Amino acid sequence: MKGLTRAIRNMDKPLFIFTAILFLFGLLNIVSASSQTAVLKYHSALYSYFYRQLITIAIGVFIGMFIIKTPTKSYKLMGPFFYIAVLAVSLAVSFSSFGADYSGNNNWINIKGFTFQPSEFAKIVMIICVALLFEKYQDKLGSVKTEPQEKYNMIGKILLVGLAFPVIIFLQKDLGTMIIITTIFFTLFITGPVPNEYKLRTIGLCVILGFIALLYLSSKGNVLSGAQKSRFEFFDPCSRYEDGGYQICNGFIAINSGGLFGNGIGNSKQISYIPESHTDSVFAIIAEQYGLIATTIIFILFAIIIKRILNISMNSTTVKGRFICLGVATYIFLHILINLGGLFGIMPLTGVPLPFLSYGGSFTISLICALAVVQRIAVENNISRKKK
C-alpha cells in the first residue's frame with residue numbers, strides 16, 4: 001500500500017486527469033450510443049453496455065494499480081513472460097476451437113459467452129519487449145567494435161519480436177490491428193539505437209520480403225477477403241449507399257447534423273442507421289449529440305494526452321522507458337487516426353476502436369494497462385529527479 005501511495009504521489013497528474021475525463025465521458029456516452037443495439041438488437045436492458053464497460057474499466061484500474069507500483073526493472077523477466085503468454089494464446093486462437101469469428105476477424109476467444117481479444121494485448125507486450133531489446137543491445141549496436149554479423153543477429157531478434165504478432169494477426173484477418181502493430185514496431189525501429197545504414201538495409205529487406213509474400217498470397221487468393229477489399233472503396237461513400245458506403249454515409253449525416261452545439265444527449269436520429277454506433281462509429285454519435293465545440297475539446301484532450309506521454313518519453317531516465325512511452329503514444333495516435341480517418345472517409349474503415357470513447361473490453365483494459373506503464377515510468381522519472 002505504501003508503494004502505491006508513493007507512486008500515486010509521483011505520477012503525472014495532468015495525464016491522469018485528462019485520461020480520466022475522457023474515460024468518464026466515454027462511459028456516460030455509451031448509454032445513449034448503445035441504446036438501439038442493446039434494446040432492439042439484443043433485447044437487453046438499456047444500461048447493459050454501460051454496466052459492462054464500467055466493469056471493464058474497474059478491472060483495468062485494478063490491474064493498473066499493480067502496474068503503477070511495480071518497478072520497470074522487473075520488466076526484464078515479466079516482459080518476455082507476458083509476450084510468450086500472449087503469443088501462445090494468439091496461436092491457440094488461430095489453430096484451436098477456442099477461436100471465434102467476429103466481423104470477419106478470427107482473433108477472438110469465446111468461452112460460454114465471454115469474449116476476449118488477445119491481439120489487443122499484443123500491442124503493449126510487443127512495445128515493452130522491443131524497448132527491452134533496445135536497452136540491452138544499445139551499446140553493442142552503436143559500437144564500431146561490434147562485428148556486423150553480431151549486429152545483424154541482434155537486429156534479427158528485434159525483428160522477430162516486433163513482427164511475430166503482425167504475421168499471426170494478418171492470418172487471423174484483422175487488418176486494422178495488424179497495421180497498427182506493424183506501424184508501432186517500425187516507428188520504434190526507425191527511432192531506435194540501430195545504426196542508420198543497418199536500418200535502411202533491414203527496412204529494404206522487409207519491403208522486398210513483404211512484396212514477395214503478397215505476390216505469393218495473391219496467387220493463392222489469400223491476401224484479403226471480399227469484405228476487406230470492399231473497405232478500400234471508401235471515396236464518395238454516399239454514391240455507394242447500398243453497396244458498402246452505408247455506414248460511412250450515415251456517419252457523415254450524423255456529424256453534419258450535429259452543428260455547433262449538437263442536438264442534445266439522447267437525441268441522435270442516425271443511431272438507428274449506423275452499425276456499431278457504440279464502438280467503431282461512436283464519434284459520429286458524439287458529434288451529432290454534442291456538436292462541433294465538444295468534439296473540438298475532445299481533439300484538444302487527445303493532443304494533450306499524446307504530448308504528455310511524449311514528454312515523459314523525453315524525460316525518461318532509461319532507454320526502455322523512453323521507447324515504451326514512444327510506443328504507447330504511437331499506439332494511441334494510430335487508433336485515433338485510423339478510426340476517425342475511416343469515419344471521415346479518407347481511409348478504409350477497419351473497425352479500429354477510438355481510444356477512451358469506444359465500447360470494448362479487451363481494448364479498454366489494454367489501453368489502461370498501457371497508460372499505467374507510462375505512469376510508472378513517470379513515477380520513476382520524478383523520483384530520480386527528486387534524488388538529484
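The structure is a predicted model, in which local features need pLDDT of at least 70, side-chain atom pairs count only at pLDDT 80 or more, and totals for chains, interfaces and linings use all residues. Residues are numbered from 1 along each chain as its sequence is written, and side-chain values use heavy atoms, with hydrogens and water left out.

Helices α4 (residues 48-68) and α14 (residues 361-387) have axes that come within 8 Å and cross at roughly 25°. Because angles under 35 degrees count as roughly parallel, α4 is roughly parallel to α14. Helices here are DSSP runs (H or I, at least four residues), numbered from the N terminus, and axes are lines fitted to C-alpha atoms over the stretch in contact. Contact means heavy atoms within 4.5 Å. Among the residues that meet are Ile57, Gly60 and Ile67 of α4, and Ile365, Cys369 and Arg376 of α14. By class, this contact has eleven nonpolar, seven polar and one charged residues (Ala, Val, Leu, Ile, Met, Phe, Trp, Tyr, Cys and Pro count as nonpolar, Asp, Glu, Lys and Arg as charged, and the others, Gly among them, as polar).

Leaving out residues up to four places away in sequence, isoleucine 332 touches Ile306, Ile309, Pro355, Phe356, Leu367 and Leu371.

Valine 319 lies in helix α13 (residues 319-343). With 12% relative accessibility, valine 319 counts as buried (under 20% relative accessible area, 1.4 Å probe, protein chains only). Beyond its neighbours within four places in sequence, valine 319 is in contact with Phe134, Glu135 and Gln138.

Key: Axes fitted to C-alpha atoms, helices over the stretch in contact; angles between N-to-C directions. Helix = DSSP H or I, 4+ residues; strand = E, 2+ residues; numbered from the N terminus. Parallel < 35°, antiparallel > 145°, perpendicular 65-115°, else oblique. Buried < 20%, exposed > 50% of the residue type's maximum accessible area, 1.4 Å probe, protein only.
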